[in-house]
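Here is a friendly walk through the model shown below. Please keep the 3D view open while you read.

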Amino acid sequence: MECETKERADAGSLREAKCACAAPGKEKENLTDGAKHPLLKVDNLRVTYGLSGGFFGTGGKKFNAVDGVCFDITKGEIVGLVGESGSGKTTTGRAIIRLAPISGGRIFYDGTQISSLSEKAFKPYRKKIQMIFQDPFNSLNPRMSVFDIISEPLDIHFAGMKTPQKRDRVAELLETVGLEADHMRRFPHEFSGGQRQRIGIARALAVEPELVICDEPVSALDVSVQAQIINLLQDLRAKFNLTLLFIAHDIAVVEYISDRMLVMTNARIVERGAASEVCQHPKDEYTKKLIAAVPRF
């Protein structure tokens, strides 16, 4: 496949990330200003699902997918949310953008409570908050061209934009994420996994969001490609002053990219702090287990 050429890279930087939790003294520049009010504030968030049970499937039992989660993110910051599958981290991210139902608690965006807004009132915040999904193949409609995929958010949020303007915008976005402008004529199956994730990132950036929720954006990719996508996200944060909530199960990857880290298990956050501090001096036993599971090279 000719589109594979951009995906061959040295995996050394990711190997360094995998070992980072075991390497004392690693420092990371903190680009945040603690005096600023948070761009995003999550206060006692709860997401509860009913479980079927009993002879007629109506046992009335409930499952707490997210149970009293609290955190905030300052503008320009990357906060990592790490935990194993089923910990509630993905549900937390999806609840922020209303892809999962909120059962309780409050979510504030730039000082405004958005968790209680009607769908119509929330629409402007869908432009401000975008999401990058885990599986770059299933998150892209195989029947749509790359142009249609990336321009779809423009049709929703910039309805008056003419086709030539959209074409220019899509070309700009593709080049921004390391692809070529003429790739807009192709379809998802013509690209490698890493390139499809770049298309997903371009789609998220189309409407110039302020906050991007990255839901396991590298877990479905090869190790060599993971490093490229992580470095791309860091570059985009610097270029566009983006704020990122980076969700992953790999604590070494989260430590590598994040300013601060939240460790989540059993629907609750059990540890938080500067990413390097959490990895070098973990306090919770669950965090210690995550660090112990990091491969050594």
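At 3% relative accessibility, Ala 267 counts as buried (buried means under 20% relative accessible area, exposed over 50%, and partly exposed in between, using a 1.4 Å probe and protein chains only). Ala 267 sits in the loop between β9 (260–265) and β10 (268–274), where strands are DSSP runs of E with at least two residues, helices are runs of H or I with at least four, and both are numbered from the N terminus. Its phi is near 75 degrees, a positive value in a residue other than glycine.

Asp 110 also has a positive phi, near 50 degrees, and is likewise a residue other than glycine. The loop that holds Asp 110 runs between β4 (104–109) and β5 (112–113). Is Asp 110 buried or partly exposed? With a relative accessibility of 45%, Asp 110 counts as partly exposed.

## About the model and its overall build

Please note that this is a predicted model, in which local features need pLDDT of at least 70 and side-chain atom pairs count only at pLDDT 80 or more, while totals for chains, interfaces and linings use all residues. Residues are numbered from 1 along each chain as its sequence is written, and side-chain values use heavy atoms, with hydrogens and water left out.

The protein has ten helices and ten strands. Of its 297 residues, 49% are buried. Among contacts (heavy atoms within 4.5 Å) with a separation of 6 or more, 72% join residues 24 or more positions apart.

## Cysteines

A disulfide is a covalent bond between the sulfur atoms of two cysteines. How many disulfides does the count give? The count is zero, using the rule that a pair of cysteine sulfur atoms must lie within 2.5 Å. Cys 279 is buried, at 3% relative accessible area, and Cys 70 is partly exposed, at 30% relative accessibility.

## The largest pocket

Rolling a probe the size of a water molecule over the atoms shows where empty space is left. The search uses a 1 Å grid over the protein atoms alone: a cavity is a set of points where a 1.4 Å probe fits but cannot get out, a pocket is an open set with protein on both sides within 12 Å along at least five of seven lines, and lining residues have an atom within 4 Å of a point. Grid points are joined across faces, edges and corners, and a volume is the space filled by probe spheres set on the points.

The largest pocket has a volume of about 320 Å³. It is lined by 13 residues, of which Ile 97, Gln 130, Met 131, Phe 133 and Pro 153 are the closest to its centre. Two or more lining residues come from each of β6 (129–132), α4 (146–157) and α6 (193–205), and α4 gives the largest share, four residues. The lining divides into eight nonpolar, two polar and three charged residues (Ala, Val, Leu, Ile, Met, Phe, Trp, Tyr, Cys and Pro count as nonpolar, Asp, Glu, Lys and Arg as charged, and the others, Gly among them, as polar).

## The cavity

The structure holds one cavity of 30 Å³ or more, and the volume of the largest cavity is about 40 Å³. Its lining consists of Ile 132, Ile 201, Ala 204, Leu 205, Val 212, Leu 233, Leu 236, Leu 242 and Leu 244. Helices α6 and α7 (223–240) are the elements that give two or more residues to this lining; the largest share, three residues, comes from α6. By class, the lining has nine nonpolar residues, no polar and no charged.

## Helices worth a look

Helix α2 (residues 89–96) is mostly covered, with six of its eight residues buried: Lys 89, Thr 91, Thr 92, Gly 93, Ala 95 and Ile 96. Just after α2, Arg 98 takes a positive phi of about 65 degrees.

In helix α5 (residues 163–176) you will find Lys 166, which is buried at 12% relative accessibility. Leaving out residues up to four places away in sequence, Lys 166 touches Phe 147, Ser 151, Leu 154, Asp 155 and Met 161. Ala 292, in helix α10 (residues 285–292), is exposed, with a relative accessible area of 59%.
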